[in-house]
Amino acid sequence: MARVQAGETRLFAELVSRYQDRLIRFASSKLQQTQLAEELVQETFLAAFQARMTYSKEFAFSTWLWTILLNLSRSAGRKRHLQSEQHQLFAAQVSHQADHSDPHQLLVKQEQQVALHQQLALLSEPQADAIRLRFFGDLSFEEIALTMNCSISGAKRRVKNGLLNLADIINKETL
């Protein structure tokens with residue numbers, strides 16, 4: 001990023017390729033729509049590029065980028081209405097067309113994904129975001145803490161409590 005700030009802006013493409021997949025996984029989990037997630041990640045990279053001169057080397061670039069995504073995803077969540085479960089299933093089918101596995105297994109997997117997204121929506125936003133950052137974004141607790149502007153123990157607590165609450169939700173649904 002220091003080289004990008006120094007004028008080698010073409011190197012920003014390397015940063016995009018390094019972080020894009022993880023950011024899309026997180027955003028897809030949060031927004032439950034691949035197309036919206038991809039748009040949000042593009043907005044994130046655009047915002048990062050436009051604000052490149054404000055980036056400070058004392059923080060990890062990844063933390064700075066994740067913070068931008070998290071803030072934009074919260075705004076997007078408030079602004080956009082998510083579509084129905086049927087659309088989610090259709091989108092999941094389209095995104096898995098290349099998957100040649102058993103159609104029954106594919107349907108089960110899609111239903112599980114929809115259920116997980118519905119269950120995450122029942123958690124508080126900080127808990128759901130912490131879980132998404134940890135398991136969809138593959139962030140460490142230190143990175144989650146920096147991204148969510150909390151302590152490391154706070155990040156761990158959000159993930160732990162979110163998982164416990166998620167387990168309670170699942171247990172209630174199976175009764």
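**Helix pairs and their neighbouring loops**

User: At what angle do helix α2 and helix α3 pack in this model?

Analyst: Helix α2 covers residues 12-31 and helix α3 covers residues 34-50, and their axes lie 8 Å apart. This is a predicted model, in which local features need pLDDT of at least 70, side-chain atom pairs count only at pLDDT 80 or more, and totals for chains, interfaces and linings use all residues. Residues are numbered from 1 along each chain as its sequence is written, and side-chain values use heavy atoms, with hydrogens and water left out. Helices are DSSP runs (H or I, at least four residues) numbered from the N terminus, and with axes fitted to C-alpha atoms over the stretch in contact and angles running from 0 to 180 degrees between N-to-C directions, α2 and α3 pack at about 140°.

User: Which class of orientation does that give α2 relative to α3?

Analyst: Angles under 35 degrees count as roughly parallel, over 145 as roughly antiparallel, 65 to 115 as roughly perpendicular and the rest as oblique. The angle here is about 140°. That makes α2, relative to α3, oblique.

User: How many nonpolar residues does the contact of α2 with α3 have?

Analyst: Contact means heavy atoms within 4.5 Å. Among the residues that meet are Phe-12, Leu-15 and Tyr-19 in α2 and Leu-36, Val-41 and Phe-49 in α3. Ala, Val, Leu, Ile, Met, Phe, Trp, Tyr, Cys and Pro count as nonpolar, Asp, Glu, Lys and Arg as charged, and the others, Gly among them, as polar. Alongside three polar and one charged residues, the nonpolar count is 15.

User: Is Gln-32 buried or exposed?

Analyst: Gln-32 sits in the loop between α2 and α3, and its phi is near 65°, a positive value in a residue other than glycine. Buried means under 20% relative accessible area, exposed over 50%, and partly exposed in between (1.4 Å probe, protein chains only). Because its relative accessibility is 15%, Gln-32 counts as buried.

User: Now to the other pair: how far apart are the axes of α7 and α8?

Analyst: Helix α7 (residues 125-135) and helix α8 (residues 141-148) pack at about 135°, so the two are oblique to each other. The contact includes Pro-126 and Leu-133 of α7 and Phe-141 and Ile-144 of α8. The distance between the axes is 10 Å.
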